[in-house]
Structure formats: structure tokens, C-alpha cells
Amino acid sequence: MLMRTDPFRELDRFAQQVLGTAARPAVMPMDAWREDEEFVVEFDLPGIDADSLDIDIERNVVTVRAERPAVDPNREMLATERPRGVFSRQLVLGENLDTDGIEASYTQGVLRLRIPVAEKAKPRKISVGRGERHQAIDDRDAKREVIDA
């Protein structure tokens, strides 16, 4: 029986397991969604010690770093498919999110970030003045001022 072999098939399969693909990264998969006035992002980080997590925010970029320790060299491993070492992922947030109000929690191997919508991006109503009087809304403290024209 003649079998066709592809010498790169096993290498490609191994690379997808370790590195993932563009659509499904293997190291730090994430889900993101909006709940009312905030965005929620969850990262799957099984086997990560909470003390090894590091979250940095610079301008509108959030960087999440984690470390999964190396396997004990004295242990005879039968399979090693989980990535080890330090890995990170960056999220570029829009200007409509409040990076000062980000909250993070880590439970059962899932890192959850809650990112509130910035006040300036929330919908608001503007009153329409009648005649020569105009009403302006001061965005800093949401007080209304009456301006005579």
C-alpha cells in the first residue's frame, strides 16, 4: 500500500498547538463583550499563579503578562502541550473607555477586566432653549448654565 506523506504536516500541527492561529491564539485566548456601561474582557489563564499576573496600562494600551512555570526537570513527562514561560497580550482600547477605572479579578483560572465607558462617551440629553435664551451643558460637572444672547 502506497501512502502519501507530507513532511511539514506534523510541524504545522505542532506549531498550531503551541502558537495557535490568528483566529485562536493558544497562549492567552480571550472573550470580550459589553454590559451596560462597561466592557468586560476575560482571558483564560489556567495554571497561572495570581502573583505572576501583571497588568500595565499606558495611555489606551492594556498589557497583560503571565507566567506559567517550567516543568520540574526531575519529572518524566509523557506529554507537554501547555505553553510554559512568560507570555503577554496587548489590547488597544478606544478613546471612549475610562482606563483609570479598570478593575481586574482572577478566579478559577480566568482573568476578568471590567472597563467602564468614559463619561464623555455616554449618551446625554441637551435641552433646547426658546427664543433668545440658550442652554449650554458644561461637560465637566454636568451643570446647566443659562446664557443670554
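Predicted model: local features only at pLDDT ≥ 70, side-chain atom pairs only at ≥ 80, totals over all residues.
1. Strand β6, residues 103-107, runs antiparallel to β7, and the two are joined over 5 bridges. The hairpin of β6 and β7 has 2 residues between its strands, and Gln-108 takes a positive phi near 50° there.

2. Strand β7, residues 110-116, also pairs with strand β2, residues 38-44; this pairing is antiparallel too and covers 7 bridges.

3. Which residues of β7 are on its covered face, and which on the uncovered one? Leu-111, Leu-113 and Ile-115 make up the covered face, while Val-110, Arg-112, Arg-114 and Pro-116 make up the uncovered one. In a regular strand, side chains alternate between the two faces of the sheet.

4. Now have a look at Arg-68, which sits in strand β4, residues 61-68. Arg-68 is buried but has no salt bridge. The nearest side chain of opposite charge belongs to Asp-44, 9.7 Å away, whereas a salt bridge would need a nitrogen-to-oxygen distance within 4 Å.

5. Finally, the surroundings of Arg-68. Setting aside neighbours within four places in sequence, Arg-68 is in contact with Leu-45, Pro-46, Gly-47 and Ile-48, among others. Its contacts also include Arg-82, Pro-83, Arg-84, Gly-85 and Phe-87.

Definitions and conventions. Residues numbered from 1 in each chain as written. Heavy atoms only, no water. Helix = DSSP H or I, 4+ residues; strand = E, 2+ residues; numbered from the N terminus. Buried < 20%, exposed > 50% of the residue type's maximum accessible area, 1.4 Å probe, protein only. Lys, Arg positive; Asp, Glu negative; His and termini not counted. Contact = heavy atoms within 4.5 Å. Pairing = 2+ DSSP bridges.
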